[in-house]
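Here is a friendly walk through one protein model. Keep the picture beside you while you read, and look up each residue as it comes along.

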Amino acid sequence: KYKASANTVSPSVVTDAMNEVLSPAGFEMDDLDAALEIADPNMELFDIEMATIEKEYVETNRLSRSTKGQINKLIRELLAIGEPASYLVQIIADMNVPFEDSVTGNQKVIVSISTQIRDVSKLRAKNVASFTHQASGTGPDGKTAALNAMKNAATTVAQGIVDQLNAKGIN
């Protein structure tokens with residue numbers, strides 16, 4: 001089971017670092033909240049948002065059937081309004097507690113990022129790429145070390161995903 005930490009890194013740090021690799025390779029990635037704004041501008045159709053999903057995952061180490069159903073409903077709604085989502089990107093980032101690097105004296109953080117890309121263009125979704133990478137980052141404080149570690153891991157994961165998608169002729 002995961003636990004919430006006071007030493008957190010914004011999910012945008014991960015998505016921004018991944019987009020630095022994905023965008024030049026011809027892939028566009030947006031977050032769930034942006035998709036919800038398009039599909040449900042008046043906030044009447046859906047009971048989910050990214051913060052709720054993050055909290056659910058931290059508390060239960062998985063997503064409930066209800067949450068997965070809401071995501072599927074969102075994908076169908078985007079298709080219905082002419083804004084289809086072809087792929088669903090799931091990113092799980094794990095970060096340890098900062099510790100002192102015995103060599104430099106700086107703070108050090110180790111993170112792991114796992115990413116799955118699912119083709120949701122058909123009724124039965126299938127996994128088309130996945131990549132996991134562990135990286136470390138250092139800095140004068142725990143927050144800086146965590147940011148550096150997340151950026152390092154996200155960049156490597158994104159490059160691995162691009163390589164897998166290109167190998168399959170996706171793009």
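This is a predicted model: local features need pLDDT of at least 70, side-chain atom pairs count only at pLDDT 80 or more; totals for chains, interfaces and linings use all residues.

Helix 5 covers residues 142–167 and has 26 residues. From its first C-alpha to its last it reaches 38 Å, close to the 38 Å expected at 1.5 Å a residue.

What happens to the backbone just after helix 5? There, glycine 169 takes a positive phi of about 75 degrees. Asparagine 171 also lies in the segment after helix 5, and its phi is near 135 degrees, a positive value in a residue other than glycine. Is asparagine 171 buried or exposed? Its relative accessibility is 60%, and the cut-off for exposed is over 50%, so asparagine 171 counts as exposed.

## How the strands pair

Now turn to strand 3, which spans residues 107–119. Its pairings are collected here.

| Strand paired with strand 3 | Sense | Bridges |
|---|---|---|
| Strand 1 (residues 87–95) | antiparallel | nine |
| Strand 2 (residues 99–100) | antiparallel | two |
| Strand 4 (residues 126–139) | antiparallel | 13 |

You can find a residue pair for each of these. Glutamine 90 stands opposite glutamine 116 in strand 3. Phenylalanine 99 has lysine 108 in strand 3 as its bridge partner. On the strand 4 side, histidine 133 is the bridge partner of isoleucine 113.

Two hairpins are also here to trace. Another hairpin joins strand 3 to strand 4 through six residues.

Which side chain of opposite charge is nearest to glutamate 56? It is arginine 62, 6.1 Å away. A salt bridge needs the charged atoms within 4 Å, and glutamate 56, although buried, has none. Look for glutamate 56 in helix 3, which runs over residues 50–60. Leaving out residues up to four places away in sequence, glutamate 56 touches Asn61, Arg62, Leu63, Ser64 and Thr67.

Aspartate 40 sits in the loop between helix 2 (32–39) and helix 3. This residue is buried and has no salt bridge either; lysine 73, the nearest side chain of opposite charge, is 7.6 Å away. What does the side chain of aspartate 40 have close by? One of its polar atoms lies 3.2 Å from the backbone nitrogen of phenylalanine 46. Aspartate 40 touches Phe46 as well as Leu45, again not counting residues up to four places away in sequence.

Is asparagine 61 buried, partly exposed or exposed? Buried means under 20% and exposed over 50%, so asparagine 61, at 35% relative accessibility, counts as partly exposed.

Conventions: Residues are numbered from 1 along each chain as its sequence is written. Side-chain values use heavy atoms; hydrogens and water are left out. Helices (H or I, at least four residues) and strands (E, at least two) are DSSP runs, numbered from the N terminus. Buried means under 20% relative accessible area, exposed over 50%, partly exposed in between (1.4 Å probe, protein chains only). Lys and Arg count as positive and Asp and Glu as negative; His and the chain ends are not counted. Contact means heavy atoms within 4.5 Å. Two strands pair if DSSP finds at least two bridges between them. A polar contact is a pair of N or O atoms within 3.5 Å; within protein, one must be able to donate a hydrogen and the other to accept it, and residues adjacent in sequence count only if both atoms are side-chain atoms. The expected span of a helix is 1.5 Å times one less than its number of residues.
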